[in-house]
Amino acid sequence: MQTLRPREVPLGGPRAMTVRRTLPAKERSFVGAWCFADHYGPDDVSVSGGMDVAPHPHCGLATVSWLFSGEVEHRDSLGTVAVVRPGEVNLMTAGRGISHSEVSTAGTRVLHGAQLWVVLPSAAASVEPRFEHHVPETVHPAPGVEARVFVGSLWGSRSPVRVETALLGVEIVLEAGASVVLPVPDEFEVGVLVDRGSVDFAGAPVAATELGVVEAASADGDGVRDGRSLVLTAGGEGARVLVLAGEPFGEEIVMWWNFVGRSHDEVVAAREAWEAGADGSAGRFGRVEGYEGDVPRIPAPGLPGVRLRSRGNRGRPARPETEAEPMS
C-alpha cells in the first residue's frame, strides 16, 4: 500500500484558509479519476474566519463537496444557490466552463470537511456544465459500521449523481475495533483518506490525515486478477474515513490553477477567457450573482515562463510544471 501524507496549502484569495492536500502528490496524481483531495478542519470559525472563496472558474473537471460539520453556501454561474450540509453531496461538473463561489454560513461554528475534484476524460471534458445535489441514505454493512455512498454504488446503496468514469466515494464511520470488507471491483484503485482516528487498511496502518492507496488488482494473460484483501479496521478510538476509488485514469492532462486541459494552449485559452470577464461580462465561465465579499472575483495568477507539461499518474515533480496551487 502507498501512503500519501498531506501538505498544508492556503486556499482561496484574501481570506485564505489552510487545508491539508493529499492529491495531487509527488508520488501520484490520481486515484481512479479522483485528482484532487483537500481535507480541512475542524476549524473554529470565530478564530479562522471560516471559508470565503470569491467567484473563480473551473473547466475539464468536476468538484465534489462533502462536509462533516458546518455549512457552506454554493453559488454558480448557472444560477444555482445551494447549501452544502454534513452528510449531503454537491457535485458540480464544470465541463467546458463554469464559475462559482463558496462561503461558510453565518450559523457555522465549526467547519470541517473535504473538497474533492474528479478529472473528466477527454471525450467528456467539454460537456455542458451542471450541478447536482444528493442526500445519501445511511447503510450498516457490518456491526459498528455505518456508511454513506455519495458517488457510485456499494452495499446496495447507489448515488444518482452523474460521473463520466467509473468512480466510488463513500464516508465510513467505524466504532472502536470495528471491521468491514470493502467489496470494491478488482479493477478499481482504492484510496482511504482518514479524517479522524486511525485504521488498518489492507494490512497496513493509515493515520489521521493520511491517504492510503491500494492499486487495482493485476490480471495475468488469461484475464484472471490477483485477489486483494480490502479489509478496513478501526483503531481503539474508532475512525471516520472517506473511500475514494475508481478505474485507473490512463490519460495525460495539464492541470494548472483551476483548469484541466490536454495541452498548454488549452490552459492558456481558459485563463484568457476568465481574465476577459474581469470587466463584468459573462463569457465562457459565466457570472456568479449574489456573492458579497471583499473582492468580486479571484483573478488568475500569471503563467510561468515555460510551457506547461502534461502528466499522468506517476513520477511527476514535487512542484509540477511550476503550477499555481489549485483552489476549490
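Glu132 lies in strand β12, which covers residues 130-134; strands are DSSP runs of E of at least two residues, and helices are runs of H or I of at least four, both numbered from the N terminus. The model is predicted: local features need pLDDT of at least 70 and side-chain atom pairs pLDDT 80 or more, while totals for chains, interfaces and linings use all residues. Residues are numbered from 1 along each chain as its sequence is written, and side-chain values use heavy atoms, without hydrogens and water.

Glu132 is buried, at a relative accessible area of 13% (buried means under 20%, with a 1.4 Å probe and protein chains only). Leaving out residues up to four places away in sequence, Glu132 touches Val89, Asn90, Leu91, Pro160, Val161 and Arg162; contact means heavy atoms within 4.5 Å.

| Partner of the Glu132 side chain | Distance |
|---|---|
| Arg130, side chain | 3.4 Å |

The protein as a whole has two helices and 24 strands. Its radius of gyration is 19 Å, close to the 20 Å of the globule rule for 328 residues, so the protein is as compact as a globular protein of that length; the radius is taken over C-alpha atoms, and the rule is 2.2 Å times the number of residues to the power 0.38. The C-alpha trace spans about 55 × 50 × 35 Å along its principal axes. Of the 328 residues, 55% count as buried.

Terms used: Buried means under 20% relative accessible area, exposed over 50%, partly exposed in between (1.4 Å probe, protein chains only). A polar contact is a pair of N or O atoms within 3.5 Å; within protein, one must be able to donate a hydrogen and the other to accept it, and residues adjacent in sequence count only if both atoms are side-chain atoms.
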